Amino acid sequence: MISLTVNGKRYQVDVSPDTPLLWVIRESLGLTGTKFGCGMAQCGACTVLLDGEAVRSCVAPVSRAIGREVTTIEGLSPDLSHPLQQAWIAEDVPQCGYCQSGQLMSAAVLLREKPQPTDEDIDQAMAGNLCRCGTYPRIRKAIHRAAGMIAKGGAK
Ligand code: FES
Ligand code: FES
């Protein structure tokens, strides 16, 4: 048995330590907001946070998460109140939506590290998250909007 803390809840999962964390999140825990894209650390669809750092859960063995705090898109906020979620809705960012939970998790790390990012900061920080629908301009606008909300006290 492996003990995990995901979105603040403790879980026991009966999987091999080398099982990809993504599989455990989706299949064992039923948290399907995190997506499988490439399976090769190339697209960012599977991005989750491990102790606040963005990781590609498709290539991270579950053993890497032992003793650490895993945050998935479901844990960003319980009620869509995170400034990024609000900004994403306001800017109508998603098209098909497949890449968006990964985009949001990377954006969350960016805003924690750079609360007022420039366009260049955004492009650099988000470069590892691909969007086949080409929503990049709206992602950028939404990150700026969220940064504005955080500056006005809407931060988490
Ligand atoms: S599915 Fe993990 S990076 Fe693409
Ligand atoms: S919204 Fe479709 S892949 Fe990004």
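Buried means under 20% relative accessible area, exposed means over 50%, and partly exposed lies in between, with a 1.4 Å probe and protein chains only.

Good morning, colleagues. The structure above is a predicted model, in which local features need pLDDT of at least 70 and side-chain atom pairs count only at pLDDT 80 or more, whereas totals for chains, interfaces and linings use all residues. Residues are numbered from 1 along each chain as its sequence is written, chains are lettered from A and ligands numbered from 1 in the order in which they are written, and side-chain values use heavy atoms, with hydrogens and water left out.

Helices here are DSSP runs of H or I with at least four residues, strands are runs of E with at least two, and both are numbered from the N terminus.

Let us look at L111 itself. Leaving aside residues up to four places away in sequence, L111 touches L84, P117, I143, A146, A147 and I150; contact means heavy atoms within 4.5 Å.

After α2 comes D92, whose phi is positive, near 50°.

I turn now to the strands. Is strand β3, residues 47-50, covered on one face or on both? Both faces are covered: T47 and L49 lie on one side, V48 and L50 on the other, and all of them are buried. Strand β3 pairs with β4 (residues 53-56) in the antiparallel sense over four bridges, where pairing requires that DSSP finds at least two bridges between two strands. Within this pair, L49 stands opposite A54 of β4. The two strands form a hairpin with two residues between them, and D51 in the turn has a positive phi of about 50°. Strand β3 is also joined by two bridges to β5 (residues 69-71), again running antiparallel.

Next, the charged pairs. A salt bridge is a side-chain nitrogen of Lys or Arg within 4 Å of a carboxyl oxygen of Asp or Glu, and the structure holds eight of them. One joins the side chains of R112 and E53, at 3.1 Å from N to O. Because R112 lies in helix α3 and E53 in strand β4, this pair ties together parts that are 59 residues apart in sequence. R112 is partly exposed at 44% relative accessibility, and E53 is likewise partly exposed, at 38%. E53, R112 and E113 are linked in a network of salt bridges.

Another salt bridge is formed by K141 with E91, whose closest N and O atoms are 3.7 Å apart. K141 lies in helix α5 and E91 in the loop between α2 and α3, so the pair ties together parts that are 50 residues apart in sequence. Is E91 buried or exposed? E91 is buried, with a relative accessible area of 15%.

A further salt bridge links R140 and D119, with closest N and O atoms 3.5 Å apart. R140 belongs to helix α5 and D119 to helix α4 (residues 119-125), so parts 21 residues apart in sequence are tied together. R140 is partly exposed at 29%, and D119 is partly exposed at 29% relative accessibility.

Y98 is found in the loop between α2 and α3 and is partly exposed, with a relative accessible area of 37%. Y136 is found in helix α5 and counts as partly exposed at 39% relative accessibility. Not counting residues up to four places away in sequence, Y136 touches N129, L130 and C131. Finally, Y136 and D51 are 85 residues apart in sequence and 27 Å apart in space, C-alpha to C-alpha.
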